[in-house]
Amino acid sequence: MSTATTDPTIDLSRPGVPFGREVRVEIRKMIDTRGGVWLFAITALFILLAMGLTLLVLGLNEDATITASGFGEIMALPVSILLPVFAILIVTSEWSQRTHLTTFTLQPHRGRVILAKFVAVTTLAIGTIVAAAVFGALGNALYGVITPHDPVWNLPVADLAWIVAQQLLFFWMAFALAMLLLNTPAAIAVFYVASMILPFMVYPILMAMFQWARDLLPWLNMDYAVMMVRTEATFLGDPIEVGVVDYLRLAFTVTLWIVLPGLLGALRIRRTEVK
Amino acid sequence: MIEVQNLSKSYGDFTAVDDVSFACRPGRVTGFLGPNGAGKSTAMRMIAGLTRPSKGTATIDGVEYTAIPNPATQVGVLLDASAQHGGRTGREVLTIGARMMGLPASRVDEMLALVGLTDKEAKRRVRNYSLGMRQRLGIAHALLGDPKVLILDEPANGLDPAGIHWMRRLLREYANRGGTVMLSSHLLHEIQIIADDLIVIGNGRIVASGTKEELLRVAGTRVRARDMAALESALTAAGLTFEVAGDAVTSTASPEEVGQAAADAGVALVELRESDSAGLEEMFLQLTSSNQRDVITTEGVPA
């Protein structure tokens, strides 16, 4: 028995934790809590509601028509409203619930943990947009059945790519803010104010009233910057010729809302002492 | 073996852990005893690679925790049993750990059985767990990967007396199989039940360490006189070290030496005896009461 006690106990030749396993565990951690299940259930409800309402309007309105592209856009809405909360919670809940103690003892290399969470968030973003596309296709097919119009299957690859890209940008912004703030209410508030409330409720008014707002705000809002490049038009619908400045503006907003908070946040997570 | 050498951690002016060195040997249960805020948790977090030391090193078999591949399968760590997501079930908490470590799902059932959590309890959300149940879950988590070293911060906190004895048996068997156990507590009686070796820490410094028997056997003398001032000067004159403890004086010298010193000075004694095995307890009490928060104030009736 005394020989057992003199055996070297630590085996440095063992394999480490494979990255794929870490990502799968992080995805599981997003949806294995009661809160996670509810968020998913509510989002599913939103999707069905959006589909149902769209079909109702189309069914009651002989003149109204829609295309697959339009359906895709509509279905992307419900998955972009609530699901970014997952991208926030995957980071901040570790702090609020103090599970980071366990997480960082299972994987002491915090950069790896951040990367695994990032890949998990990206997977979720793409997965949900695919689900939205499936529901969109379903809705479009039903539209062909219940209205006299023939369904139009016209979702160009470019449009689909933009929808996916925007969803990713949204999720990454939420993730980056969560890393920077490490606090659930703060991250959720900043994310929704910056990405939804201001651009939908405040900026339009300012932009309608002031020239400086029309000049400045697209530089502060990722969604506007994306839309200008994507639709080749200003907020007010005036066509523009997309040039270097517009791509520069897009890159600037992405840096402002994703790269910068993401880098600072990652640095904070690596350095901060978990208690 | 856990080895800590000249380990320090400062936060600004405050030194939480101050040049601490100790070792926890395989086959032994080492108790890390100290009042709240003594630096126990900080030291343990440094061993587990969660807190960067200001100075010194903490290694396990000569290796830093962060350099161990898949560390949870080699070193079991429980730093805070209440640090679990309240919305997860107990079983899910263990399942995540098992997945991360690459263990079969059957391991989760084995651990639940080992710590005595029933199937029904394992399906409940951790939010609804008592502290004792959380401790059992945390210990199950620490043992999941069948590690050779265990680091447990206040694992007996919240356990009832039966639970404490259960833990003693569990850790005893674990150590008998060659495992190294380090566990902390702020309660002397808990650690007396569970540990073989003791490290006592106060205000960030190690104040005593050794086997439990050694520390509890600390010889000493308790002496009282009607004229305490005369007694104190007599002991000083004889060159004996002593401390005033309440209405008596304790000295590390033998009763014979103390009695002789008093007789030489002509001080009449009221009491002279070998102090109880309370050496450790007394030292521990002093450590605790030197903490401002614990000074007892009399809540008197206003005059």
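**Entry 1: the interface.** I'm working with a predicted model. I started with contacts between the chains: 49 residues of chain B touch 37 residues of chain A. Next I looked up the area buried between chain B and chain A, which comes to about 3,800 Å², with carbon and sulfur atoms giving 57% of it.

**Entry 2: polar links.** I found four salt bridges between chain B and chain A. I also noted 19 residue pairs in polar contact between chain B and chain A, both residues being at pLDDT 80 or more. On the chain B side, the elements giving two or more residues are strand 1 (2-11), strand 5 (75-78) and helix 2 (90-101). Helix 2 of chain B gives the most, with seven residues.

**Entry 3: A:T99.** I went to the loop between helix 5 (84-96) and helix 6 (100-106) of chain A, where A:T99 sits. Is A:T99 buried or exposed? I put it down as buried, because its relative accessibility is 5% and the cut-off for buried is under 20%. Beyond its neighbours within four places in sequence, A:T99 contacts A:S93 and A:E94, plus B:A83, B:Q84, B:H85 and B:R88. I then followed B:R88, whose side chain forms a salt bridge with that of A:D32 (2.8 Å, N to O).

**Entry 4: the nonpolar patch.** On the surface I found A:I205, A:M209, A:F210, A:W212, A:L216, A:L220 and A:F252 forming a nonpolar patch, with about 670 Å² of accessible area together. Helix 9 (184-209) and helix 10 (211-220) of chain A each give two or more residues to the patch. Helix 10 gives the most, with three, while A:I205 belongs to helix 9.

Note on methods. Residues numbered from 1 in each chain as written. Chains lettered and ligands numbered in written order. Predicted model: local features only at pLDDT ≥ 70, side-chain atom pairs only at ≥ 80, totals over all residues. Heavy atoms only, no water. Patch = residues over 30% accessible without salt bridge, like charges linked within 9 Å, V, L, I, M, F, W, Y side chains within 5 Å. Areas by Shrake-Rupley, 256 points an atom, 1.4 Å probe, with all protein chains shown as cover. Helix = DSSP H or I, 4+ residues; strand = E, 2+ residues; numbered from the N terminus. Buried < 20%, exposed > 50% of the residue type's maximum accessible area, 1.4 Å probe, protein only. Contact = heavy atoms within 4.5 Å. Buried area = accessible area lost by both parts, 1.4 Å probe. Polar contact = N/O pair within 3.5 Å; in protein donor to acceptor, adjacent residues only side chain to side chain.
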